[in-house]
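Dear colleague,

I am passing on the structure we spoke about, and below it you will find my notes on what came out of it. Please read them with the structure open beside you.

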Amino acid sequence: MIENFDLSLVNWSRAQFALTAIYHWLFVPLTLGLSFILAFMETLYVRTGDEMWKKITKFWMTLFGINFAIGVATGIILEFEFGTNWSNYSWFVGDIFGAPLAVEGILAFFLESTFVAVMFFGWNKVSKRFHLASTWLVAIGANLSALWILIANAWMENPVGMVFNPDTARNEMNSFREVVFNPVAVDKFLHTVTSGFVLASVFVVGISAWFLIRKREEVLARKSILIAGIFGLVSGLAVALTGDSSARTLAQVQPVKFAAMEALYEGKANAGLTVIGALADSGERIGEKKVHDVKLKIAIPKLLSVMTTGKGDGYVPGLKDLVNGNPERGILSVSEMMERGRYARQVLIDYKMARELGDTETMASLAAKFEEKDFVENYFRYFGYSYFEHPWQVIPSVPVTFYAFRVMVGLGFFFILLFTLAIWFHRKKTLEKNRWFLWIALFSIPLAYLASELGWIVTEMGRQPWIIQNLMPVHVAVSNISAGAVQTTFWLFAVLFTALLIAEISIMVRQIKTGPKH
Amino acid sequence: MQISYLFLREYWWLIISLLAGLLVFLMFVQGGQSFIFSLPRNDMQRKMVVNALGRKWEFTFTTLVTFGGAFFASFPLFYATSFGGAYWVWMAILFSFIIQAVAYEYRSKPANVYGTRVFDTFLFINGCLGPFLLGVAVATFFTGSDFTLDLFNRVHWGSGWHGLEALINPVNLLLGFGVLFLARVLGLMYLENSIDEKELTASIRKALVRNAVPFLVFFLAFIAAILLGKGYRADPVSGEVTLVKYHYLHNLIGNYVALAFLLGGVVLILISLWLGIFRGSRRAIWYAGFGTVPVVIALFMMAGYGETAFYPSSTDPGSSLTLAKASSSYFTLKTMMYVSFVIPFVVAYIWYAWGSINRSRITSEELAGEDHTY
């Protein structure tokens with residue numbers, strides 16, 4: 001039955017999904033951003049007729065192709081893993097979650113795959129303008145694809161636009177509009193795609209810097225740095241702005257994750273935002289979870305309160321409030337939520353049993369409960385809590401989210417500085433003279449990948465233990481297969497993806513060293 | 001006018017069937033890949049074959065992903081049951097597509113670490129395994145699988161082989177090999193259509209005969225097996241699922257559209273074989289393609305329509321999935337129906353884009369003038 005969970009199976013399933021998602025995300029942001037950079041460059045070629053722009057476009061397009069192929073390869077598995085490894089989840093929310101995935105396929109994937117063929121093979125076969133339109137459509141298609149999958153992902157963090165159907169024992173969509181315009185989805189999409197633009201810009205600036213260090217392809221390098229620098233700077237500022245609005249939304253819909261990101265255990269008014277800090281074990285515990293002190297702390301006073309409530313003296317709940325409850329602030333304890341969730345689950349079980357037995361009278365009275373406002377808002381909304389044994393289980397890993405968030409944000413601001421300097425030196429025609437900058441730009445490439453992955457680590461680790469916020473914990477969502485089977489596929493994926501990544505990097509490096517075709 | 005829930009379920013089953021039909025047609029890419037070591041006589045011929053297929057591989061891939069996404073959205077209980085239960089079959093299919101996706105782009109690139117032969121082997125594996133396993137998986141729509149669903153629709157798969165046990169059912173193997181040889185036939189016809197090279201064309205025509213015969217044998221044997229065997233009938237009132245002799249035959253006869261699609265599709269495929277084998281026509285692929293799509297739709301209609309459990313459980317018939325039991329809610333199916341109206345627009349731009357880059361056939365000269373080759 002549903003209560004019998006194999007934790008090793010859950011952990012291996014999580015590990016497999018994390019592995020495939022991390023590998024996939026190594027390639028996606030470059031596709032998202034580089035596709036637009038290609039479109040800008042080709043637009044300049046078509047508008048000016050300057051063959052140099054065509055050469056530049058083709059060079060970056062070669063690198064785009066190498067990256068694109070492995071992104072596609074690693075992407076297919078993610079969609080199907082919802083079914084293979086998280087089948088209980090697939091049924092519970094397929095009615096809602098599947099729709100954006102299907103729309104992604106119909107609206108975005110075909111657009112991308114059709115016009116990427118024209119982009120690669122159409123240079124000598126279609127008109128300049130048709131080719132340019134194709135390049136733009138690839139960029140739009142890639143980012144449209146991101147939109148739909150991020151809508152689906154956002155729904156898992158803030159489930160909206162649905163109603164529970166006791167007959168099917170699942171959530172069903174009742175407002176597509178709410179699902180699409182979910183505030184988490186809007187923030188997430190803008191933040192994620194602009195972070196992809198930043199990564200691609202760092203990539204272009206970094207490789208162009210290498211050409212300048214080696215005194216090769218200087219025209220290509222300077223022009224590429226200008227395009228990527230401007231695109232990166234605008235995108236970097238957008239990342240900062242959307243990150244801010246993401247945090248505000250997060251504080252409302254996932255307060256536990258928000259508190260974990262700040263390592264905020266004690267709720268407080270006038271709360272400052274920690275810029276830098278080091279976590280140390282305080283010796284105190286919430287259940288089996290360590291409580292951390294933030295040492296070496298540098299904080300911006302009141303900013304956390306402002307971000308959360310819009311007021312400097314606003315109260316920000318800490319993890320202790322959120323787990324143990326705080327009646328003064330109207331915060332329920334997790335143990336109370338667990339009780340209410342268990343009641344809701346028992347009602348559902350009773351309903352299912354009555355249906356099995358053909359007891360229509362009981363069925364009707366229990367079905368009516370699922371339409372009562374009080375039951376839905378005060379009991380059923382805590383359904384997911386019924387699966388926990390201890391209140392502390394709702395706390396995610398505080399050190400992982402705390403550090404990952406800070407490194408990500410720090411790197412984000414570093415990239416804004418990097419792009420500003422790139423544009424400045426380009427304007428002053430002193431790029432080659434500032435070799436220190438060129439080396440920093442080159443070594444910023446892995447940092448951009450690090451920041452991008454850390455963003456997802458904050459998002460996904462921070463929302464543990466939920467696969468759907470408040471409705472379904474991860475351990476309930478897993479497929480009923482053996483842990484050994486998942487271990488086997490985990491290692492197969494690990495070996496295969498690593499082998500493909502090695503090939504990808506090797507080919508990419510060789511193509512860069514070879515440079516553009518003359 | 002209020003659209004009925006029944007209509008929406010059947011509409012979405014038709015969309016799924018259409019996507020399946022297009023997927024099988026587009027598996028000419030896989031079929032062509034399965035010849036990568038046997039058909040070309042030299043490196044230039046192999047390059048022509050790979051480049052002809054490489055310009056289309058993404059469409060097959062995208063159709064597979066969309067097929068999965070559409071199934072997830074419209075029949076999530078199937079998605080959960082089949083993917084979560086028949087774990088190893090789906091994983092094997094996915095692995096074969098993962099290695100395909102990089103193989104084209106990396107095979108001839110300098111410093112690809114493993115050498116061209118390894119990436120060509122990836123293409124060969126995908127070319128054989130992809131169509132075969134997809135055929136076996138679809139055959140279980142007729143032969144059943146070993147699973148039960150509990151009170152919360154959580155799947156419990158009976159066999160520890162998690163789907164691989166389907167490989168010991170001869171009827172499943174008939175469709176597996178039928179789809180494999182169909183993909184090979186389609187692949188040969190596509191290569192004939194796309195490449196202009198005399199020696200290669202002669203090899204293609206010889207291979208066409210050798211693959212058309214096993215395709216017809218396996219496919220017709222499968223059709224005979226399901227039409228003359230027992231089928232999973234779902235009682236429309238009680239929902240009880242029972243095995244009934246000639247059920248799929250009754251389904252076919254009772255559904256004129258399915259019957260017309262099956263017969264019409266088979267006729268088109270036979271015409272394509274005649275054109276390809278006896279007339280050496282480059283247009284054979286179009287007849288075969290336009291024949292494949294309705295044949296696959298007809299098979300799906302037989303499996304899903306007419307009081308039938310489309311994903312039957314052979315061990316616990318009560319757990320079998322019908323369109324009604326497995327479908328999404330009315331609201332979702334209706335919303336998704338509106339989204340599906342863009343499909344003709346998608347098909348139109350694919351057609352236009354294909355046409356724009358396929359104006360000339362592949363020759364060694366054409367490849368020499370290309371910037372982006374595999």
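**A residue in helix H9 of chain B**

Ala212(B) lies in helix H9 of chain B, which covers residues 198–228; please bear in mind throughout that this is a predicted model. Ala212(B) counts as buried because it has 24 C-beta neighbours inside 10 Å, where 20 or more are needed for that label. Leaving aside residues up to four places away in sequence, Ala212(B) touches Val185(B), Leu273(B) and Ile277(B). Arg184(B) is 28 residues from Ala212(B) along the chain, and the C-alpha atoms of the two are separated by 8.5 Å.

**A hairpin in chain B**

Strand S3 (residues 230–234) and strand S4 (residues 241–245) of chain B run antiparallel and are joined by five bridges, with Tyr232(B) standing opposite Leu243(B) in S4(B). Six residues lie between the strands of this hairpin, in which Gly239(B) takes a positive phi near 80 degrees.

**Where the chains meet**

Between the two chains, 65 residues of chain A are in contact with 61 residues of chain B. On the side of chain A that touches chain B, the elements giving two or more residues are helices H2 (51–84), H3 (87–121) and H17 (483–514), together with strand S2 (170–173). H3(A) provides the largest share of that side, 25 residues, and the residues of the side as a whole divide into 38 nonpolar, 19 polar and eight charged.

**Domains of chain A**

Chain A is divided into domain 1 (7–254 + 396–514), domain 2 (263–327) and domain 3 (334–391); the C-alpha centres of domains 2 and 3 of chain A lie 34 Å apart.

With best wishes

Terms used. Residues numbered from 1 in each chain as written. Chains lettered and ligands numbered in written order. Predicted model: local features only at pLDDT ≥ 70, side-chain atom pairs only at ≥ 80, totals over all residues. Domains from an automatic or database assignment. Pairing = 2+ DSSP bridges. Helix = DSSP H or I, 4+ residues; strand = E, 2+ residues; numbered from the N terminus. Contact = placed C-beta atoms within 7 Å. Nonpolar A, V, L, I, M, F, W, Y, C, P; charged D, E, K, R; others polar. Buried ≥ 20, exposed ≤ 12 C-beta atoms within 10 Å, placed from the backbone.
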